[in-house]
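Let's take a look at this one together. Here are the sequence and the model.

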Amino acid sequence: MPSNRISKIRTAARIADEVILSVPDFLRAGMTELQVASRIKKHIKKKGGHKESFRLIIASGKRSAMPHGYATNKVIRKNEIVMIDMGVHYDGYCSDITRMFWVGDNVETRLIASPPASNAPNRIKKIYNIIKSAQLKAIKMIRAGIPAAKIDKAVRKEFKRFGMEKYFTHSTGHGIGRKVHEDPRISIKSPERLKSGQIITIEPGLYFKNKFGIRIEDMVLVKKEGMRS
């Protein structure tokens, strides 16, 4: 395993963070999802990334209820939620991040954060905070030796507490490195235990068909005594 692997992945993650934070500067109602994807690709190269690490997911409005809503010609409208799942390929290594945005009824676009800093409706903020709570519980559990399935179960337990476990339709995360999806899989069916030095994603989400979906995804370095995000 190359000694500079973590450094390169960290650089890919930093570039992805910088790109995602630039989205409110250009995302506006009237743009298509593909236009947003094109701008993101340009920003990746501008920031020093080589290319995107996978096909960009830009899913607005009802399309955000699709976990893999790849960018289309759909026009983004006012008062719509937008899911952006993107990553950067840097010197042979990948990153992966998902953030949610709210396009308001004026020119303003804001990142949905916890506590919500946007003008998104209360129902959106409520679901976002439930997901963020589940993600933080999972991240706090991460350490070398813990079963991957235990982390996934913790996310599902948190969603069940709010009666929403049926809206979580995929696993909690995956390993990442030279490929955007590697072992270990953070799944309820996973037989693996986490190992020190692995980098994984934690990406819980809730998806309400024909309404909206929300996912939050971050990368975490597994360490012997804990983790580093």
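Which way do Ile57, Ala59, Ile58 and Ser60 point from strand S2 (residues 57-60), and are they buried or exposed? Ile57 and Ala59 point one way, Ile58 and Ser60 the other, and all are buried (under 20% relative accessible area, with a 1.4 Å probe and protein chains only).

A quick word on ground rules: this is a predicted model, where local features need pLDDT of at least 70 and side-chain atom pairs count only at pLDDT 80 or more, while totals for chains, interfaces and linings use all residues. Residues are numbered from 1 along each chain as its sequence is written, and side-chain values use heavy atoms, leaving out hydrogens and water.

Back to S2: this strand pairs with S3 (residues 80-86) in the antiparallel sense over four bridges, where pairing takes at least two DSSP bridges. Ile57 has Asp85 as its bridge partner in S3.

| Pair | Axis angle | Axis distance |
|---|---|---|
| H3 (residues 122-141) and H4 (residues 148-161) | about 150° | 9 Å |

H3 and H4 are therefore roughly antiparallel (over 145 degrees between N-to-C directions). Residues making the contact include Ala138 and Met141 of H3 and Ile151 of H4 (heavy atoms within 4.5 Å).

Ile151 also touches Ile142, Ile146 and Leu194, among others. In the largest nonpolar core, with 37 residues, Ile151 is one of those that touch the most other members (a core is buried Ala, Val, Leu, Ile, Met, Phe, Trp, Tyr and Cys residues joined through side-chain atoms within 4.5 Å). H3 gives the most to this core, with nine residues.

How values were computed
Buried < 20%, exposed > 50% of the residue type's maximum accessible area, 1.4 Å probe, protein only. Helix = DSSP H or I, 4+ residues; strand = E, 2+ residues; numbered from the N terminus. Axes fitted to C-alpha atoms, helices over the stretch in contact; angles between N-to-C directions. Parallel < 35°, antiparallel > 145°, perpendicular 65-115°, else oblique. Lists of a residue's contacts leave out its neighbours within four places in sequence.
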